[in-house]
Amino acid sequence: MSDTLIFIGLAFRLVLFVGVLVYVSFTDLYWRRVPNVVTYPAIIIALCLLLVEPNPVSGLWGALVGGLVLLIPVLRYGPERAGVGDVKLALFIGLVLGFPATFYALFAAVSYTHLDVYKRQGHKSRSLFPNKSPQRVPA
């Protein structure tokens, strides 16, 4: 493949990825919905883009990891409390980013969410473990 085709493919993937994430972010923030009208075509397009990639296995592993990590809360708490749309979005993110990057993206998202929830609960302490008393250092 020529370098121009690879660049065009990467640019298209980036535009698709950012466009889907921006749209889904707004709909999720305002209506707490991840619309299937966006996620299903995005997953199909990402799968088609994997066919022309030199290493499609990375995208498939990323989709598997992303989908399974967010499927666990859905299975545990039910689809009413944990969103199935988020699972489909994680599947799309995994297809686009590939395996190691999907794991890092999910880790960053979960870490940010935990810190945001911790902050919103009104904890004023600088410690992440407010119920633990500080250990005294013997003199």
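What share of the 139 residues of the chain counts as buried? The figure is 27%, where buried means under 20% relative accessible area, exposed over 50%, and partly exposed in between, with a 1.4 Å probe and protein chains only.

**Before you click.** This is a predicted model, in which local features need pLDDT of at least 70 and side-chain atom pairs count only at pLDDT 80 or more, while totals for chains, interfaces and linings use all residues. Numbering starts from 1 along each chain as its sequence is written, and side-chain values use heavy atoms, leaving out hydrogens and water.

**Whole chain.** Show it as a cartoon. Five helices and zero strands make up the secondary structure; from the N terminus the order is α-α-α-α-α. Helices (H or I, at least four residues) and strands (E, at least two) are DSSP runs, numbered from the N terminus. The chain exposes about 10700 Å², and carbon and sulfur atoms supply 69% of that. These areas are Shrake-Rupley values with a 1.4 Å probe; for residues, only the protein chains shown count as cover.

**Select 3-31.** This is helix α1, with 29 residues. From first C-alpha to last, α1 reaches 42 Å, close to the 42 Å expected at 1.5 Å a residue. The expected span is 1.5 Å times one less than the number of residues.

**The buried side of α1.** Pick R13, L16, F17, V20, V24 and T27; they are buried. Center on V20. Leaving aside residues up to four places away in sequence, V20 touches V38, A42, L89 and F92. Contact here means heavy atoms within 4.5 Å.

**The core.** The largest nonpolar core holds 17 residues, and V20, V24, L89, F92 and L95 have the most contacts inside it. α1, α2 and α4 each supply at least two of its residues. The largest share, six residues, comes from α2. Such a core is a set of buried Ala, Val, Leu, Ile, Met, Phe, Trp, Tyr and Cys residues joined through side-chain atoms within 4.5 Å.

**Back to the surface.** Select L14, V18, V22, F26, L29, Y30 and W31. Together they form a nonpolar surface patch with about 850 Å² of accessible area. Stop at V22, in helix α1. Is V22 buried or partly exposed? V22 counts as partly exposed because its relative accessibility is 43%.

Technical notes. Patch = residues over 30% accessible without salt bridge, like charges linked within 9 Å, V, L, I, M, F, W, Y side chains within 5 Å. Salt bridge = Lys/Arg side-chain N within 4 Å of Asp/Glu carboxyl O.
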